[in-house]
Amino acid sequence: GFLAIAVGFGATEVSAQGQVLRADIPFQFTVGKKTLPAGLYKITLPATGDASKLIFRSVDGESFSMAMTHGVSSAKAEVLNGLVFLKSGDKRVLYRVFDGREIGHEIVSTKRLARSKIAKQTVALKPRRV
């Protein structure tokens, strides 16, 4: 079955595209169509919760991926400020990103996967000091 995993965030900054978050992700994961290695990432969120692009870029510049998102209410969020992954075996797929605001971002391509009848569990991971 799949498992939802939440990862906490470090400091944030704001760019023209929207908010930029930093997250230290301790495992390999998939964003959109690309699998990225564990590491420290800058995540550029869309300026609003509207359908838009979310960009993942490793701080060392080696890894990059983007995915289309749509807005999702944080009222029933697994975590208010962090990343949520769907997990099956050792495969993890980025599902949602919440940055403390009312509307979070859900990766459009994960909808069918998330809707399948799978038990979900949230695990909060404390980010390591950068």
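**Exercise 1. Salt bridges**

With which residue does arginine 96 form a salt bridge, and how far apart are the closest N and O atoms?

*Solution.* The model is a predicted one, in which local features need pLDDT of at least 70 and side-chain atom pairs count only at pLDDT 80 or more, while totals for chains, interfaces and linings use all residues. Residues are numbered from 1 along each chain as its sequence is written, and side-chain values use heavy atoms, with hydrogens and water left out.

Step 1. Apply the criterion: a salt bridge is a side-chain nitrogen of Lys or Arg within 4 Å of a carboxyl oxygen of Asp or Glu. Side chains of opposite charge can pair when their charged atoms come close. The structure holds two salt bridges.

Step 2. Identify the partner. Arginine 96 pairs with glutamate 106, and their closest N and O atoms are 2.6 Å apart. This pair links distant parts of the chain, with arginine 96 in strand β10 and glutamate 106 in strand β11, ten residues apart. Strands (E, at least two residues) and helices (H or I, at least four) are DSSP runs numbered from the N terminus.

Step 3. Buried means under 20% relative accessible area, exposed over 50%, and partly exposed in between (1.4 Å probe, protein chains only). Arginine 96 counts as buried because its relative accessibility is 13%. Glutamate 106 is also buried, with a relative accessible area of 5%.

Step 4. Aspartate 99 forms a salt bridge with arginine 101, with 2.7 Å between the closest N and O atoms. Aspartate 99 is buried at 8% relative accessible area, whereas arginine 101 counts as partly exposed at 34%.

**Exercise 2. Aromatic pairs**

Describe the geometry and setting of the pair formed by phenylalanine 29 and tyrosine 41.

*Solution.* Step 1. A pair of aromatic rings is described by the distance of the centres and the angle of the planes. Rings of Phe, Tyr and Trp (its six-membered ring) pair if their centres lie within 6.5 Å; planes under 30 degrees apart count as stacked, over 60 as edge-to-face and the rest as tilted. A search of the whole structure finds five such pairs.

Step 1. For phenylalanine 29 and tyrosine 41, the centres are 5.2 Å apart and the planes make an angle of 80°, an edge-to-face arrangement. The two residues are twelve apart in the chain, phenylalanine 29 being in strand β4 and tyrosine 41 in strand β6. Both are buried.

Step 2. Extend the view to the surroundings. Ring pairs join Phe27, Phe29, Tyr41, Phe56 and Phe85 into a cluster. Arginine 92 lies over the face of phenylalanine 27, 4.2 Å from the ring centre; the criterion for a charge over a ring is NZ of Lys or CZ of Arg within 6 Å of the ring centre and within 35 degrees of the ring normal.

**Exercise 3. Nonpolar cores**

*Solution.* Step 1. A nonpolar core is a set of buried Ala, Val, Leu, Ile, Met, Phe, Trp, Tyr and Cys residues joined through side-chain atoms within 4.5 Å. The largest has 18 residues, and those with the most contacts inside it include Ile25, Phe29, Ile43 and Phe56.

Step 1. The contributing elements are β3 (18–25), β4 (29–31), β6 (39–44), β7 (52–58), β9 (81–88) and β10 (91–99). Strand β3 gives the most, with three residues.

Step 2. A second, separate core of seven residues includes Val72, Leu86, Tyr95 and Phe98.
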